[in-house]
Amino acid sequence: MENCGTQGVHYIINFFGCDEKQLDSMDFWKDVLPASIAQTNIAILHSHFYKFEPQGITGFLLLSASHISIHTWPEKNYVACDVFTCSSEEDTQKILDYLMKSITHGKVEIKKIKRAYRA
């Protein structure tokens, strides 16, 4: 992008072949999302989680450096996850590494998008 300043990086992560019980556990997500940023310089400003019936969870952390969100489909063994930060690449990689280690999965697809504004 010509004449743009980078403002952050946005990872779109698709986890496939996940554990159905893990995906539908509110306790799991309320632990794992905050823990994913524990070793960074990023602060949680707000969090919200919602449990669907009969299954599925949506969760969101509003961060001092943007956000993390998850949407689960236990019946499909699938999680859609977004990690968008304007923090350092090192901090962002720590978040990704923690999520990859914590979420039981058989396959993952990751798309990295550099976010920017016109200068």
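This is a predicted model: local features need pLDDT of at least 70, side-chain atom pairs count only at pLDDT 80 or more; totals for chains, interfaces and linings use all residues.

Colleague: Why is Phe-15 called buried?

Modeller: Buried means under 20% relative accessible area, exposed over 50%, and partly exposed in between, with a 1.4 Å probe and protein chains only. Phe-15 has a relative accessible area of 0%, so Phe-15 is buried. This residue sits in strand β1; helices (H or I, at least four residues) and strands (E, at least two) are DSSP runs, numbered from the N terminus.

Colleague: Why do Glu-90 and Lys-94 count as a salt bridge?

Modeller: A salt bridge is a side-chain nitrogen of Lys or Arg within 4 Å of a carboxyl oxygen of Asp or Glu. For Glu-90 and Lys-94 the closest N and O atoms are 3.7 Å apart, so the pair meets that rule. Both lie in helix α3, four residues apart, about one turn of the helix.

Colleague: Why does Asp-91 have no salt bridge?

Modeller: The nearest side chain of opposite charge, Lys-94, is 4.2 Å away. The rule asks for within 4 Å, so Asp-91 has no salt bridge. For charge, Lys and Arg count as positive and Asp and Glu as negative, while His and the chain ends are not counted. Asp-91 is buried, and its place is in helix α3 (residues 89-102).

Colleague: How do you know that the side chains of Asp-91 and Ser-87 make a polar contact?

Modeller: A polar contact is a pair of N or O atoms within 3.5 Å; within protein, one must be able to donate a hydrogen and the other to accept it, and residues adjacent in sequence count only if both atoms are side-chain atoms. The contact between Asp-91 and Ser-87 is 3.1 Å. Ser-87 is found in the loop between β5 and α3.

Colleague: What ties Asp-24 to Lys-51?

Modeller: A salt bridge, with the closest N and O atoms 2.9 Å apart. Asp-24 lies in the loop between α1 (20-23) and α2, and Lys-51 in strand β2 (residues 44-51), so the pair ties together parts that are 27 residues apart in sequence.

Colleague: How do you know that β3 and β4 pair?

Modeller: Two strands pair if DSSP finds at least two bridges between them. β3 and β4 have six bridges, in the antiparallel sense, and form a hairpin with two residues between them. Leu-61 stands opposite Ile-68 in β4.

Colleague: Which residues touch the most other members of the largest nonpolar core?

Modeller: A nonpolar core is a set of buried Ala, Val, Leu, Ile, Met, Phe, Trp, Tyr and Cys residues joined through side-chain atoms within 4.5 Å. Of the 26 residues in the largest one, Trp-29, Leu-33, Ile-68 and Val-83 touch the most other members. The elements that give two or more residues to this core include β1 (4-16), β4 (66-73) and α3.

Note on methods. Residues are numbered from 1 along each chain as its sequence is written. Side-chain values use heavy atoms; hydrogens and water are left out.
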